[in-house]
Amino acid sequence: MAVAYDNYYKTENLFGEPYPELIAFFSKFAKKGKVLDLGCGQGRDAIPLARMGFDVVGIDNSKVGIAQMNRMAKTENLALRGIVSDIYTLDNYANYDYVLLDSMFHFEKKDLKKETGLLKNILSKIKKGCLVVFCIQDTGKKVTILNDTINTQEGHKRIADEKFPYVYKDDESGHSSTTKYSMIVVEK
């Protein structure tokens, strides 16, 4: 998978700007904290969050994406560190105030057990008061599977459930598409 994304990320800023809804949500917090951005890619979310004053660690298996993000962080002197790693091997979720999973879950049959297992691991190991922020395509049964998995974990309350359209535009090719998305936030 990393090789494919390494090739995709040769196009800088491939996925464009972060969702305005995500930025609006994080802008509500006067006290900035530590964010773990899992599957951060090129830093589409991590860079703006660091610019807002959050201390961000981004994890991705793409060396190209992480190198681009780290270069931007260094240029702008941001509190942002990108690490090339497999998100399924992490275990230190209790060190963070926020865990962000943007477009990480697809819940396809071949990955369903692995992805729901990761989700359960994160929810069981975060500290009290930690917010887990999910941005997920609202297609097929993805949101239902996410909600069902969250609901199996005790001690979490839902603090946001927002639907919004994501418009992707590629100026170079002229391609554009609109996808329904949901942002779900839970707190331990």
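This is a predicted model: local features need pLDDT of at least 70, side-chain atom pairs count only at pLDDT 80 or more; totals for chains, interfaces and linings use all residues.

Visitor: Why is tyrosine 19 called buried?

Guide: Tyrosine 19 has a relative accessible area of 1%. Buried means under 20%, so tyrosine 19 is buried.

Visitor: What makes phenylalanine 164 count as buried or exposed?

Guide: The relative accessibility of phenylalanine 164 is 6%. The limit for buried is under 20%, and phenylalanine 164 therefore counts as buried.

Visitor: Why is the aromatic pair of tyrosine 19 and phenylalanine 164 called tilted?

Guide: The two rings lie 5.1 Å apart, centre to centre, and ring centres within 6.5 Å make a pair. The planes form an angle of 55°. Stacked requires under 30 degrees and edge-to-face over 60, so this pair is tilted. The structure holds 13 aromatic pairs.

Visitor: What makes this pair a tie between parts apart in sequence?

Guide: Tyrosine 19 belongs to the loop between helix 1 and helix 2, whereas phenylalanine 164 belongs to strand 6; the pair therefore ties together parts that are 145 residues apart in sequence.

Visitor: How do you know that a charge sits over the ring of tyrosine 19?

Guide: The charged end of arginine 44 sits over that ring, 4.5 Å from its centre. The distance limit is 6 Å, and the charge must also be within 35 degrees of the ring normal. Likewise, the charged end of lysine 114 sits over the ring of tyrosine 88, 4.3 Å from its centre.

Visitor: How do you know that strand 4 and strand 5 pair?

Guide: Five bridges join strand 4 and strand 5 in the parallel sense. A pair needs at least two bridges, so the two strands pair. One of the bridges has leucine 100 and, in strand 5, valine 133 as partners. Together with helix 5, these strands make a right-handed β-α-β unit.

Visitor: What makes strand 5 and strand 7 a pair?

Guide: Seven bridges join these strands, which run antiparallel. The requirement is at least two, so they pair. Glutamine 137 has tyrosine 181, in strand 7, as its bridge partner. Six of the seven residues of strand 5 are buried.

Visitor: Which residues have the most contacts inside the largest nonpolar core?

Guide: They are Phe26 and Leu80, in a core of 29 residues. Helix 2, strand 4 and strand 5 are among the elements that give two or more residues to this core. Phenylalanine 26 touches several residues, including Leu49, Phe54, Tyr98 and Val133.

Key. Residues are numbered from 1 along each chain as its sequence is written. Side-chain values use heavy atoms; hydrogens and water are left out. Buried means under 20% relative accessible area, exposed over 50%, partly exposed in between (1.4 Å probe, protein chains only). Helices (H or I, at least four residues) and strands (E, at least two) are DSSP runs, numbered from the N terminus. A crossover is right-handed if, with the strands pointing away from the viewer, the path from the first strand over the helix to the second runs clockwise. Rings of Phe, Tyr and Trp (its six-membered ring) pair if their centres lie within 6.5 Å; planes under 30 degrees apart count as stacked, over 60 as edge-to-face and the rest as tilted. A nonpolar core is a set of buried Ala, Val, Leu, Ile, Met, Phe, Trp, Tyr and Cys residues joined through side-chain atoms within 4.5 Å. Contact means heavy atoms within 4.5 Å. Lists of a residue's contacts leave out its neighbours within four places in sequence.
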